[in-house]
Amino acid sequence: MTTHPAQELVDAIAFQLTDPKTVSLGRGSASAYQQHLAYGPPGIALLHIERAASGLGPWQPAHDWLSAASCRPLTGGPDSYPFYGAPAFAHALACAADHRPGSYQRALSMVDRQIAVDVRRRLDAAHRRIDTGRLPELAEFDAVRGLAGYGVYLLRCHPGSRVTSAVLDYCVRLTEPITPYDETLPGWWTESGPSGGPDERFPGGHANTGMAHGVGGVLALLALAARQGVVVEGHRTALRTILRWLDRWREETHRGPTWLYWITRDELRTGSLTPPPSRRPSWCYGTAGLARAQQLAALALGDTGRQVGAENALVAALTDPGQLKATTDNGLCHGFAGLAHVAARTADDAHPSTVNQLRAASQALLAAICPPDTDSELAAVALVQDADRGPGFLDGAAGTALAVIGPSTSIPPQSAWDACLVIA
């Protein structure tokens with residue numbers, strides 16, 4: 001049987017990332033990235049965990065990278081968040097523990113206790129904020145820094161817990177309108193720019209739609225929970241509220257519907273979009289991640305028409321030369337590998353009318369990443385040593401490798417490595 005070029009690339013990247021002692025984390029210092037899921041050891045551990053869980057590699061490198069992630073005391077409290085500190089380590093550790101019965105349980109119990117304390121503190125602050133009529137910060141609710149990210153971890157590891165239900169209750173409340181300045185805004189409207197800080201380009205703030213930093217992640221979390229039967233009061237109403245918002249701000253093109261990264265105050269007041277040039281349809285922002293979130297929501301609600309519409313929107317985005325031209329790297333977050341993985345995950349749940357198109361789009365993306373004549377060893381070295389993107393999970397070599405394992409083998413992930421992306 002011929003090995004797919006992408007599988008050869010995965011093997012070569014994994015080999016380059018075998019020993020934490022020999023790997024440079026790029027521009028960031030080892031201490032700065034030690035606990036970072038996006039750039040450091042926790043994310044690189046996920047590659048080795050998935051390979052071991054799939055029978056493609058040994059467990060020892062996974063254990064070594066987990067040890068590297070925890071060689072110093074883990075950060076908890078206000079300075080931690082889903083992609084940094086105890087929660088980031090917990091995600092990787094839980095993925096390993098699922099396949100190593102009896103291993104890591106003591107450490108996992110310790111970080112889970114810290115996470116529960118931190119989540120309740122965040123929830124208390126969020127409800128106080130809502131009670132006083134103030135607008136949220138992105139980091140209150142998003143998937144990378146906020147409660148949606150905590151929620152997806154809790155849903156996977158502790159679906160029946162009170163704290164999981166409390167996060168879902170908060171997400172429902174976030175979808176209720178808020179009137180801070182005699183103007184009704186969606187509950188997830190923020191006064192900041194997309195970076196989370198003041199931005200003169202966004203007078204009056206914005207409503208972020210992204211999966212990483214916007215309401216797309218909240219929609220996906222609520223949908224995943226509903227599909228598992230973990231439902232709170234107002235749950236389905238909240239799903240429909242976010243879906244109506246995305247319907248309102250959908251941009252129809254000759255290729256199919258797309259979604260902007262955010263809505264400004266002027267756009268909200270005039271009801272008119274000011275579309276930018278073609279933007280990449282990535283996981284973090286844009287049509288790819290949002291199509292998956294809407295597919296999950298449609299499946300949770302039993303809405304076949306919406307499901308097929310979301311799947312067709314993803315096919316259109318992934319076959320649109322303009323949007324693909326705007327995609328300029330191979331990474332997981334906003335590159336071709338991430339698109340291939342989102343397409344494969346969407347195909348796993350797709351309607352019979354779209355599944356073949358989604359799988360074909362995923363394979364075409366793999367061909368763009370790994371042409372048949374690719375020298376996998378040279379390509380792996382280049383990716384791992386890329387000074388800008390580094391060897392890590394979100395932008396770098398480990399994430400690229402993880403994202404192409406499933407599409408190249410036609411087997412869904414055997415670990416829950418991509419749960420942190422709120423897509424499964």
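The largest nonpolar core holds 145 residues, and Leu-47, Trp-283 and Phe-393 touch the most other members. The model is a predicted one. In soluble globular proteins, nonpolar side chains tend to be buried together.

Take Trp-283 from that trio. Setting aside neighbours within four places in sequence, Trp-283 is in contact with Met-211, Ala-212, Ala-288 and Gly-289, among others. Its partners also include Leu-332, Cys-333 and Val-342. Leu-394, Leu-421 and Ile-423 are on the list too.

Now step back to the whole chain. It has 19 helices and 4 strands. For 424 residues, a compact globule would have a radius of gyration near 22 Å; the chain has 20 Å, so the two agree. Along the principal axes, the C-alpha atoms fill a box of roughly 60 × 50 × 40 Å.

Burial and contacts come next. Of the 424 residues, 58% count as buried. Consider the contacts between residues at least 6 apart in sequence: 70% of them join residues at least 24 apart.

What does the surface look like? The chain exposes about 16900 Å², and carbon and sulfur atoms supply 51% of that area. As for charge, there are 35 positive and 40 negative side chains. The centres of the two sets lie 5 Å apart.

Start with Ala-238, in helix 11, which spans residues 235-248. Is Ala-238 buried or exposed? Its relative accessible area is 1%, under the 20% cut-off, so Ala-238 is buried. Beyond its neighbours within four places in sequence, Ala-238 is in contact with Val-172, Thr-175 and Leu-222. Cys-420 is 182 residues from Ala-238 in sequence, and their C-alpha atoms are 21 Å apart in space.

Val-315 sits in helix 14, residues 304-318. Its relative accessibility is 10%, so Val-315 counts as buried. Which residues does Val-315 contact, leaving aside its neighbours within four places in sequence? They are Gln-357 and Leu-358. Leu-402 is 87 residues from Val-315 in sequence and 22 Å from it in space, C-alpha to C-alpha.

His-158 lies in a loop, between helix 8 (147-157) and helix 9. With a relative accessible area of 30%, His-158 falls between the 20% and 50% cut-offs and is therefore partly exposed. Not counting residues up to four places away in sequence, His-158 touches Asp-112, Tyr-153 and Thr-164. Gly-302 is 144 residues from His-158 along the chain, and 25 Å separates their C-alpha atoms.

Finish with two backbone details. Where is Asp-182 found? It is in the loop between helix 9 (162-174) and strand 1 (206-208). Asp-182 is not a glycine, yet its phi is positive, at about 60 degrees. Its relative accessibility of 79% is over the 50% cut-off, so Asp-182 counts as exposed.

Ser-410 is placed in the segment after helix 19 (397-409). Ser-410 too is a residue other than glycine with a positive phi, near 60 degrees. Its relative accessible area is 63%, and Ser-410 is therefore exposed.

How values were computed
Residues numbered from 1 in each chain as written. Predicted model: local features only at pLDDT ≥ 70, side-chain atom pairs only at ≥ 80, totals over all residues. Heavy atoms only, no water. Rg over C-alpha atoms; globule rule 2.2 N^0.38 Å. Buried < 20%, exposed > 50% of the residue type's maximum accessible area, 1.4 Å probe, protein only. Contact = heavy atoms within 4.5 Å. Areas by Shrake-Rupley, 256 points an atom, 1.4 Å probe, with all protein chains shown as cover. Lys, Arg positive; Asp, Glu negative; His and termini not counted. Charge placed at Lys NZ, Arg CZ, Asp CG, Glu CD. Core = buried A, V, L, I, M, F, W, Y, C linked by side-chain atoms within 4.5 Å.
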